[in-house]
Amino acid sequence: MVIGRVVGSVVATQKNASFVGSKMLLVQPLDLDGSDYGQEILAIDTQDAGPGDIVLVVSEGNSARQAMGRGDAPIDSVIIGVVDTIDVVRVSRHCEGR
Amino acid sequence: MSALFIARVVGKIVATRKDERLEGVKLLIIEPLKRDGTPCGKPLIAVDSVGAGAGEVVHAVKGREASFPLPRPGAPVDVAIVGIVDHMYLDPGSGEGRLGN
């Protein structure tokens, strides 16, 4: 899972049937110092997150389908939580991500 | 990143609004480590299944298997802490450092 900020939403009337009724939000992954990193993720919202919310995004197909309750949905990223607090013991410089 | 990897716990997350299958599950922030103990990679949020604490070196699993240790089947998670490292020894010539708690 990663932490991210909701930065937008996507509307698509013509889409795979399993997406019908789902809210698609654009999430910008965040580093622990609050800075953006990496590419935005398009995630299905299951926790009624809103613009600017800090959310938890799981990016693993099977988990995502479990969270959405749709075993056949062609998705791999779902918002599974809205963060209240983040306590960081220490932030360190790190080499290029893997 | 391979499925099983070494990391350090660097913080924790509180989220009251979350998937109900995560009720009562501890969410920790972990930073993947290289074999010499230096951080390498972006922070990840992992569910804790072994009672790990801040600063501890752990080993974690990534992918679908991350949901297996949790009490409720099918929890939507992709990273889980599955052990606390006591010691990790490196083969001679493969770098310095002894990693552990």
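Strand 3 (41-45), strand 4 and strand 5 of chain A are what the buried residues of helix 1 in that chain pack against. The model is a predicted one. Chain A has 98 residues, and 46% of them are buried.

**Chain A overall**

- The secondary structure of chain A consists of 1 helix and 6 strands.
- Read from the N terminus, the order of these elements is β-β-β-β-α-β-β.
- The C-alpha trace of chain A spans about 45 × 25 × 20 Å along its principal axes.
- Among contacts in chain A with a separation of 6 or more, 52% are between residues 24 or more positions apart.

**Helix 1 of chain A**

- Of the 8 residues in helix 1 of chain A, 6 are buried, and the helix is mostly covered.
- The buried residues are A:Gly61, A:Asn62, A:Ser63, A:Ala64, A:Ala67 and A:Met68.

**The side of chain A that touches chain B**

- The contact between the chains involves 36 residues of chain A and 37 residues of chain B.
- On the chain A side, the elements that give two or more residues are strand 1 (2-10), strand 4 (54-58), helix 1 (61-68), strand 5 (78-82) and strand 6 (85-88).
- The residues on that side of chain A comprise 16 nonpolar, 10 polar and 10 charged.

**Links between the chains**

- The interface of chain A and chain B holds 2 salt bridges.
- A salt bridge links the side chains of A:Asp87 and B:Lys12, with an N to O distance of 2.9 Å.
- Strand 6 of chain A runs antiparallel to strand 1 (residues 4-14) of chain B, and 4 bridges join the two strands.
- A:Ile86 has B:Ile13, in strand 1 of chain B, as its bridge partner.

- A:Gln47 sits in the loop between strand 3 and strand 4 of chain A.
- A:Gln47 counts as buried because its relative accessibility is 11%, below the 20% cut-off.
- The side chain of A:Gln47 makes a polar contact of 3.3 Å with the side chain of A:Thr46.
- Apart from neighbours within four places in sequence, A:Gln47 is in contact with A:Ile79, A:Ile80, A:Gly81 and A:Val82 in chain A, and with B:Arg17, B:Lys18 and B:Asp19 in chain B.

**A:Pro29, in strand 2**

- A:Pro29 is part of strand 2 (residues 23-29) of chain A.
- With a relative accessibility of 5%, A:Pro29 counts as buried.
- Setting aside neighbours within four places in sequence, the residues in contact with A:Pro29 are A:Ile3, A:Gly4, A:Ser35, A:Asp36, A:Tyr37, A:Gln39, A:Glu40 and A:Ile41.
- A:Leu56 is 27 residues from A:Pro29 along the chain, and their C-alpha atoms are 9.4 Å apart.

Conventions:
Residues numbered from 1 in each chain as written. Chains lettered and ligands numbered in written order. Predicted model: local features only at pLDDT ≥ 70, side-chain atom pairs only at ≥ 80, totals over all residues. Heavy atoms only, no water. Contact = heavy atoms within 4.5 Å. Salt bridge = Lys/Arg side-chain N within 4 Å of Asp/Glu carboxyl O. Nonpolar A, V, L, I, M, F, W, Y, C, P; charged D, E, K, R; others polar. Pairing = 2+ DSSP bridges. Buried < 20%, exposed > 50% of the residue type's maximum accessible area, 1.4 Å probe, protein only. Polar contact = N/O pair within 3.5 Å; in protein donor to acceptor, adjacent residues only side chain to side chain.
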